[in-house]
Amino acid sequence: MIKIFCPDNLLEAQCLKDVLESHGIACHLGGSYLAGAVGELPASGLLALYVEDYDAGLAKEMIEDYLKASPILEESARIQED
């Protein structure tokens, strides 16, 4: 497995892991159990997403697309429906 991304926090890490797995890419989240040691360990750089080497290119593209996405606000959605 190869490290493809270091998320900023556990919520982002789990969302990205779920996105990858929903598209059939096996993903391992490393460092999630270290979050409880913040204070004794550095607060950043603990989390990492790992995928198989052959999935790395597609997984990186998917993460980039996810991070570039804009949220849809409820008002915008209602206007589009009308």
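View 1. Among the protein's contacts (heavy atoms within 4.5 Å) between residues at least 6 apart in sequence, 64% join residues at least 24 apart. This is a predicted model, where local features need pLDDT of at least 70, side-chain atom pairs count only at pLDDT 80 or more, and totals for chains, interfaces and linings use all residues. Residues are numbered from 1 along each chain as its sequence is written, and side-chain values use heavy atoms, with hydrogens and water left out. Along the sequence the pattern runs β-α-β-β-α-α, with helices (H or I, at least four residues) and strands (E, at least two) taken as DSSP runs numbered from the N terminus.

**View 2. The largest nonpolar core.** Here's a set of 14 residues: buried Ala, Val, Leu, Ile, Met, Phe, Trp, Tyr and Cys joined through side-chain atoms within 4.5 Å. Ile 4, Leu 20, Ile 25, Leu 49, Val 51, Ala 59 and Ile 63 touch the most other members.

**View 3. Around Ile 25.** Leaving aside residues up to four places away in sequence, Ile 25 touches Leu 20, Val 51, Asp 55, Leu 58, Ala 59 and Met 62.

View 4. Cys 27 counts as buried because its relative accessibility is 9%, while Cys 15, at 29%, is partly exposed. The cut-offs are under 20% relative accessible area for buried, over 50% for exposed and partly exposed in between (1.4 Å probe, protein chains only). The structure holds zero disulfides, meaning pairs of cysteine sulfur atoms within 2.5 Å.
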